[in-house]
Amino acid sequence: MNVSPLVRLLGTAAATLLGAGLLAGCSTDVEPFVPREVAASTPIDPARPCVRQASLAAQAPKDDPEPSGTKATLSGGVIRVTGGENVTLGALSRAVGGSALREVEDGEWLLSASMEIAPGASVRIAAPEVNWLKLRSDATGYTTIKVAGGGLDVVGSCITSWDAKARAVDQKPEDGRGFLLARDGGRMDVAWSELRYLGHGEIESYGLSWRVAGTTGSITHSVVSHLHFGLYSYEIDGLKVTDNEFHDNALYGIDPHTGSRNMTIERNVVHDNGKHGIILAEDCVDSVIRDNVVYRNAHHGIVLYQRSDRNVIEGNETFRNTAQGINVNESHDSVVRGNRVYDNGESGIGVGQTSARNVVESNQVRGNGQDGVRLVSESADNTVRANTIGDNSRYGVYIDGDGPFDVSDNIIFGSRVGVLTKNTENEPGSNTMHDNTEGDLLAR
């Protein structure tokens, strides 16, 4: 292996080189690193799950638009809304009569029939008229809200499943559970609201979903917990997911999927979910994942998977996830920049499975259970530069991929080995390395 003299000698003669001025401009000084303190996840009472609704509703803008017209029918256990703008639940209840939709207590509503919102119609579920909307969900069946080409606004409300016999939310999703879905060119916007205990594993039924091209929407300033997926999208363009909390969902916190693009995922807190915190999977491109706090998820924190290309992962804090803080897998041409990635159970940042032309730069990668940065499994042409990579348990940078790689201008310290490479064609560039207990560079 043709290793530059600077890299080869740094581990054994750093003091000599520094004394001679050969490492001018390099310093072993590292800025202090303070991990974020986070509380344990707070249990939710299944009988009274709407713990944040009042405070969220109080912050919501007070600009309720006037409703106009209501056209709705009840047939076959489905309320079909075919006309009217900003239709309220009160107006719908009067239009269809009976017990399909009724106010059971002041501000608390029970939906006992599913709702479909057709093109040309829009429904508004908003506080103070609707503080809590319960979707019937029990052993006999469940109800849903489907935006089938129309529009839905949820503002300042709490929406959950509800089992009247148990007097609690439905905690048995295996036999089905109510959900919200927008598709067929519809629009669904959720703001300042709570969504809890919704969804199950059948397609389109995950809890909160946007599906097929032409469908639009957003979720902002809201709390989403105990859904099957916290959020799911399919072939959606321009979805905005900002300033929310996603926690304790059965699988993923935020899961844009299959051809979703141009998304903004910013300033969310994503924690304690049953698999990944945030995952873009299968051709999810040209999106931004920025300034999120992602922790204690049961696998990776943030993931790009299967041709999820040209994305930016920037300014996030991802820590105490069971596996990797950030994982780039079979995805290309993305930038992972300015993140704090620390205390994850496995490695900090992993780039693998044919991933190419990604740039990992200016990140703090500290104290992870295996390696700081991993370049593995047929990945190639990736750049790792200007990162601070310290106190990781095994290797600062682990290289076991086809390459070539550009690993340069990093500060790498406090691990067992600074850089380990298994491919003799991959020669690290100039890095500042110190205090790695078994050496700064190891080739196998």
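**Entry 1: a covered strand.** I began with strand β15 (residues 208-211), and both of its faces are covered. Leu208 and Trp210 on one side are buried, as are Ser209 and Arg211 on the other. For my own record, buried means under 20% relative accessible area, exposed means over 50%, and partly exposed lies in between (1.4 Å probe, protein chains only). Helices (H or I, at least four residues) and strands (E, at least two) are DSSP runs, numbered from the N terminus.

A note on the source: this is a predicted model, in which local features need pLDDT of at least 70 and side-chain atom pairs count only at pLDDT 80 or more, while totals for chains, interfaces and linings use all residues. Residues are numbered from 1 along each chain as its sequence is written, and side-chain values use heavy atoms, with hydrogens and water left out.

**Entry 2: the neighbours of β15.** Next I looked up which strands pair with β15, where pairing requires that DSSP finds at least two bridges between two strands. Strand β12 (residues 180-183) runs parallel to β15, and three bridges join them. Here Ala182 has Trp210 of β15 as its bridge partner. Strand β18 (residues 232-234) is also parallel to β15, again with three bridges.

**Entry 3: Ser193.** Is Ser193 buried or exposed? I found 0% relative accessibility, so Ser193 counts as buried. Ser193 sits in the loop between β13 (187-191) and β14 (194-196). I then checked its polar contacts (pairs of N or O atoms within 3.5 Å; within protein, one must be able to donate a hydrogen and the other to accept it, and residues adjacent in sequence count only if both atoms are side-chain atoms). The Ser193 side chain reaches the backbone nitrogen of Gly156 at 3.0 Å and the backbone oxygen of Ala191 at 2.9 Å. Setting aside neighbours within four places in sequence, I listed what Ser193 is in contact with (heavy atoms within 4.5 Å): among them are Leu56, Val154, His221 and Val223.

**Entry 4: salt bridges.** Side chains of opposite charge can pair when their charged atoms come close. I used the rule of a side-chain nitrogen of Lys or Arg within 4 Å of a carboxyl oxygen of Asp or Glu, and the count came to 28 salt bridges.

- Arg36 and Glu317 meet at 2.9 Å, N to O. Arg36 lies in the loop between α1 (5-19) and α2 (53-59) and Glu317 in strand β29 (residues 317-319), so the pair ties together parts 281 residues apart in sequence. Arg36 is partly exposed at 39%, whereas Glu317 is buried at 9%.
- Arg80 and Glu116 meet at 4.0 Å, N to O. Arg80 is in strand β2 (residues 78-87) and Glu116 in strand β5 (residues 114-117), so this pair ties together parts 36 residues apart in sequence. Arg80 is partly exposed at 35%, and Glu116 is partly exposed at 25%.
- Lys134 and Glu108 meet at 3.4 Å, N to O. This pair links strand β7 (residues 132-138), which holds Lys134, with strand β4 (residues 108-111), which holds Glu108, 26 residues apart. Lys134 is buried at 7%, and Glu108 is buried at 9%.
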